Amino acid sequence: MSSTPSSSSLYASKQPQGYVNHVQKVAIVGATGQLGKYLVDALLKTGKHTITAITREGPSSSSSSSAVPAGVHVAKVDYNDPSSLVNALKGQHALIITMAVTAPHDTHDKLIEAAAAAGVPFVLPNEWGYDMGPEGMGKDSMLGKSLQARRDLVEKLGKSSWIGIANGFWYEFSLGGTPDRFGFDFAKRKLTWFDDGNTKISVSTWPQCGRAVASLLSLPILPQDEHDHSTTLSSFKNKHALVSSFFGDGGVSQRDMFESVLRVTGTQESDWTIEAREDPHDRWQKAVDQLQKGDFKAFVRVLYARIFFKEDPGNHESRSHNEVLGLPKEDIDKATKEAIEFSKTFQNYSFILSSGPLHHHCLTV
């Protein structure tokens with residue numbers, strides 16, 4: 001049984017006998033990571049997929065394997081042995097990549113190359129942020145070229161199609177992290193407005209990312225025939241799926257977040273110290289200057305300041321696929337409560353999250 005469509009037809013009804021018009025087997029790198037565990041949970045809940053966790057051979061693999069949920073297969077690989085990766089990916093219909101900042105720089109390319117060699121039809125690369133290219137926000141964030149290079153590699157090899165998940169910044173991680181992100185300092189009850197605090201951006205929670213991926217990979221791969229106009233997985237080939245959590249109001253602003261924080265904490269605005277307004281352009285430029293001088297913690301401010309540029313914010317609400325993927329509009333107060341709890345944990349130790357490139361630099365050191 002194959003889920004790889006014949007290139008000779010665009011319709012499921014015209015495929016060879018034995019063709020299955022949906023993704024059955026899904027491999028995931030980083031299955032037990034901060035994001036990966038939500039992806040796995042959502043995929044398992046569909047009951048439509050066989051999931052394989054790709055883990056690195058070695059001493060740390062035992063702990064990773066033990067944390068894999070029941071019902072998930074484990075494939076241990078040696079990233080220095082291409083055949084090991086290819087064998088683990090043979091027969092898979094989709095590869096999802098979530099990786100920690102500690103992963104070697106060439107690991108992602110090795111996975112893409114192995115997916116092509118194994119004939120994996122769909123690759124969800126390690127993006128998990130905004131749909132940026134090499135210019136504009138991509139250039140200003142210093143990430144656009146590397147993200148585009150990964151997509152180009154998939155297309156150049158010609159065996160797989162990439163689908164980027166553009167979910168904006170993770171809400172819990174960003175609101176509950178350091179003030180370098182959304183400007184909130186919960187321990188000191190301080191807040192810095194970026195401009196007037198009204199610039200709206202797109203954000204998602206970790207569970208919403210999981211639902212988005214599960215819904216996407218549950219779509220039929222091809223339309224049944226020329227009369228079938230329903231949304232299909234193939235319509236996302238070499239494109240981004242744009243998703244968010246608090247849609248319907250054009251995104252979420254700092255002021256929206258602050259109103260939610262006041263409701264959740266039972267505090268008044270007078271209980272908070274509001275720092276002077278800061279122009280995101282100035283904030284971004286100062287951070288770039290610090291980064292160029294060797295202050296790598298400034299990279300967090302580079303990323304976050306950039307998405308609050310009024311003329312080009314990190315906002316894809318008008319183009320989102322929330323509706324076609326059947327995603328729910330989430331309760332911002334519930335997510336804010338999770339963010340505040342996360343902030344308490346975050347203050348106690350330094351750590352690295354398994355994440356995409358828009359997030360994996362955002363760590364305390």
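Because the model is predicted, local features need pLDDT of at least 70 and side-chain atom pairs count only at pLDDT 80 or more, while totals for chains, interfaces and linings use all residues. Residues are numbered from 1 along each chain as its sequence is written, and side-chain values use heavy atoms, with hydrogens and water left out.

Trainee: Which strands stand at the edges of the open sheet of 7 strands?
Mentor: Strands here are DSSP runs of E with at least two residues, and helices are runs of H or I with at least four, both numbered from the N terminus. Two strands pair if DSSP finds at least two bridges between them, and in this sheet the pairing is parallel, in the order β3-β2-β1-β4-β6-β7-β12. One side of each edge strand is left without a neighbour in the sheet, because each has a single partner strand, and these are β3 (73-77) and β12 (239-242).

Trainee: Which residue in β4 stands opposite V29?
Mentor: Strand β1 (residues 25-29) and strand β4 (residues 94-97) pair in the parallel sense over 4 bridges. Within β4, the residue opposite V29 is I97.

Trainee: Which residue in β10 stands opposite F184?
Mentor: A second open sheet has 3 strands with mixed pairing, in the order β9-β10-β13. In it, β9 and strand β10 (residues 190-194) pair in the antiparallel sense over 2 bridges. Opposite F184, the residue in β10 is L191.

Trainee: Is S141 buried or exposed?
Mentor: S141 is found in helix α5 (residues 137-141), and, leaving out residues up to four places away in sequence, S141 touches M132, F299, V302 and L303, contact meaning heavy atoms within 4.5 Å. Its side chain also reaches the backbone oxygen of G138 at 3.2 Å. At 2% relative accessibility, S141 counts as buried.

Technical notes
Buried < 20%, exposed > 50% of the residue type's maximum accessible area, 1.4 Å probe, protein only. Polar contact = N/O pair within 3.5 Å; in protein donor to acceptor, adjacent residues only side chain to side chain.
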